[in-house]
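Hi everyone, thanks for coming.

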Amino acid sequence: GARVVLLLALALALTLAAALAAANFARSRAAAELGQRAAAALPLVESALSSLIEKERLVPLVLARDPEVMALLAAPEPASERRLDAKLADIAAGAGAAVIYLVDRNGVAVAASNAGATDSFVGSDYGFRTYFTEAMAKGAAMQYALGTVSGRPGLYLSRRVDSVLGPLGVIVVKVELDALETSWRDGGIVVTASDTKGTVLATTEPGWRFRSLPGRGTAREAPIAPAEDGLVRITRDGGSGLFAAASAPVGPSAPGWTLSLFIPAGTLPTDASRYAALTVFLAGLLLTAAAAWLLRRRRWAAALAAMNQELGRRVAAAIADRETAETRVRRLRDELAQANRLSILGQIAAGVAHEINQPVAAIRTYAESGVQLLDAGATDEARGNLGAIVAVTERIGAITRMLRGFARRGSGGIGPVPVDEAIDGALALLSGRIRDAGARVDRGAPQPGLSAIAGRIRLEQILVNLLQNALDALRDSPDPAIAIAVAADDACVSIRVRDNGPGIAAEARETLFMPFVTTKPTGLGLGLVISGDIAREFGGSLQLDPESGPGASFVLELPRGAA
């Protein structure tokens, strides 16, 4: 009678309350997962920025020791200035720098890669610039600023030129980050790099540049506001939307810089909330109907006890699942935090981000269509969508496992390294490029148990450089092929990498291992120099194989490790 009606009304009220709580929990869970995705993507974005800065920092480091640079600063002479202008122009084109210029001890530019152009830096006074004064005082400097001549923003990396008589001047390279910002923007994310004052420097949103991040108390803040569930709301020309955010220091390549990444949330939190509420509400209605039947049968006490037990089991299972997921995320974050050698990862980060972006888009499509199938009652088809989502996440997992395995290994120690594993690692990193080039790779017979004295990450770096050079040489070959041969005696291990390309001209062989000398139209000419230095550090050598034959062949020799 009335008691049964009262109990049923109470059960319905509890069902509605549970549905609301489930909706809130699901929305918060979805927002947290988006935040974890942003945190997992942040190291890849940071690696691209750090790698670019470290690569460009080599240019002033090497030029500060160049005899022509030192001679011009010591004794300026028109013919020497013209020769150095041309040399700086060639290096700037190869390094992808906006401009490279030489400033004397008084702050006046005496040579530049853009000499002769309408916006030439030659003759301009840069004595007031921080990158000049700090480099003269400390030896090196970095500054992000607007160009006084071009009006374009860029990163200035400078190095002092010293002689036995003291400082002669400063060599400066300006790097414009437009291409990097465009690659971030094409990935559908918002990225900002800010300094210690919170001022936005590099960014995918040009209108935010030199504005401050929220909370800095300035009048010109970027349009970022906190929202519910740890998300932020970003306002842009196309309207406003919710984003998941993650931030971290850039690292030693840019001291004091902070990188912030924002991933669009879209309707994911709202959809998750709606589905969770509907699921719990329907389950509650079923439980209420069951309770009514049990009450009519005068077994309501036993039924309520069973319901409470089942509810407790489900809550415990949900808590265990959440703790397991959080543990997995913490482990992934710890592994990504160890990715401190970024030069090779930076070269392939854009391609990896593109490969991951496609399956993420597919996951969203399957999820959205699954919603429509559930609304239509087509549960079998919806279950098929969930299976497709699992398959796509496996693809993402395969990509990230390769990168994570490479990033976790240290780079400081030298000891026995399995040769086959190092070759496998280098080929795995370049698998996408090898596939796109249609190149055939002949590994030769495996050498189980054979090791060389080296550092794992740096040995792979040498092999990646040699394989990249081979792929560049095979770009126009009708049947591109690369052969990797391993041989060993009691004291030495040799790894030979040969391609069937056009080979290396006789006049270029003498200068292969000299800085800034390259046969590539856009190369910087430092890959073989760095690889040779690493090989010598291991007690070995890297040289061009004098053996005659098609293509080019390089031989890496290293001390053999103990069996």
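This is a predicted model: local features need pLDDT of at least 70, side-chain atom pairs count only at pLDDT 80 or more; totals for chains, interfaces and linings use all residues.

Let's start with the helices. Find helix H10, residues 419-429, and helix H12, residues 456-473. How do H10 and H12 pack? Their axes are 9 Å apart, and the angle is about 55°. That angle makes H10 oblique to H12. As for handedness, the crossing of H10 and H12 is right-handed.

Now zoom in on the contact. From H10, the residues taking part are Glu-421, Ala-422, Ile-423, Gly-425, Ala-426, Leu-427 and Leu-429. Across from them, H12 brings Arg-456, Leu-459, Glu-460, Leu-463, Val-464 and Leu-467. If we sort this contact by class, we get nine nonpolar residues, one polar and three charged.

Two of those names come back in our next topic. Glu-421 and Arg-456 form a salt bridge, and their closest N and O atoms are 3.4 Å apart. This pair links distant parts of the chain, with Glu-421 in H10 and Arg-456 in H12, 35 residues apart. Are these two residues buried or exposed? Glu-421 is partly exposed, with a relative accessible area of 42%, while Arg-456 is buried at 19%.

Stay on H12 for a moment and look for Arg-458. Its salt bridge partner is Glu-537, with the closest N and O atoms 2.8 Å apart. Again, distant parts of the chain are linked: Arg-458 sits in H12 and Glu-537 in helix H14, residues 527-537, which puts the pair 79 residues apart. Arg-458 counts as buried, at 9% relative accessibility, whereas Glu-537 is partly exposed, at 47%.

How many salt bridges are there in the model? The count comes to 24. Here is one more of them: Arg-209 with Glu-181, where the closest N and O atoms are 3.1 Å apart. Arg-209 lies in the loop between strand S7 (200-203) and strand S8 (224-226), and Glu-181 lies in helix H5 (residues 178-186), so the pair ties together parts that are 28 residues apart in sequence. Arg-209 counts as buried, at 14% relative accessibility, and Glu-181 counts as buried too, at 5%.

Last stop: a network. Salt bridges that share partners join Arg-152, Lys-174, Glu-176 and Asp-178 together.

Definitions and conventions:
Residues are numbered from 1 along each chain as its sequence is written. Side-chain values use heavy atoms; hydrogens and water are left out. Axes are lines fitted to C-alpha atoms, for helices over the stretch in contact, and angles run from 0 to 180 degrees between N-to-C directions. Helices (H or I, at least four residues) and strands (E, at least two) are DSSP runs, numbered from the N terminus. Angles under 35 degrees count as roughly parallel, over 145 as roughly antiparallel, 65 to 115 as roughly perpendicular and the rest as oblique. A crossing is left-handed if the near helix is turned anticlockwise from the far one by less than a right angle, and right-handed if clockwise. Contact means heavy atoms within 4.5 Å. Ala, Val, Leu, Ile, Met, Phe, Trp, Tyr, Cys and Pro count as nonpolar, Asp, Glu, Lys and Arg as charged, and the others, Gly among them, as polar. A salt bridge is a side-chain nitrogen of Lys or Arg within 4 Å of a carboxyl oxygen of Asp or Glu. Buried means under 20% relative accessible area, exposed over 50%, partly exposed in between (1.4 Å probe, protein chains only).
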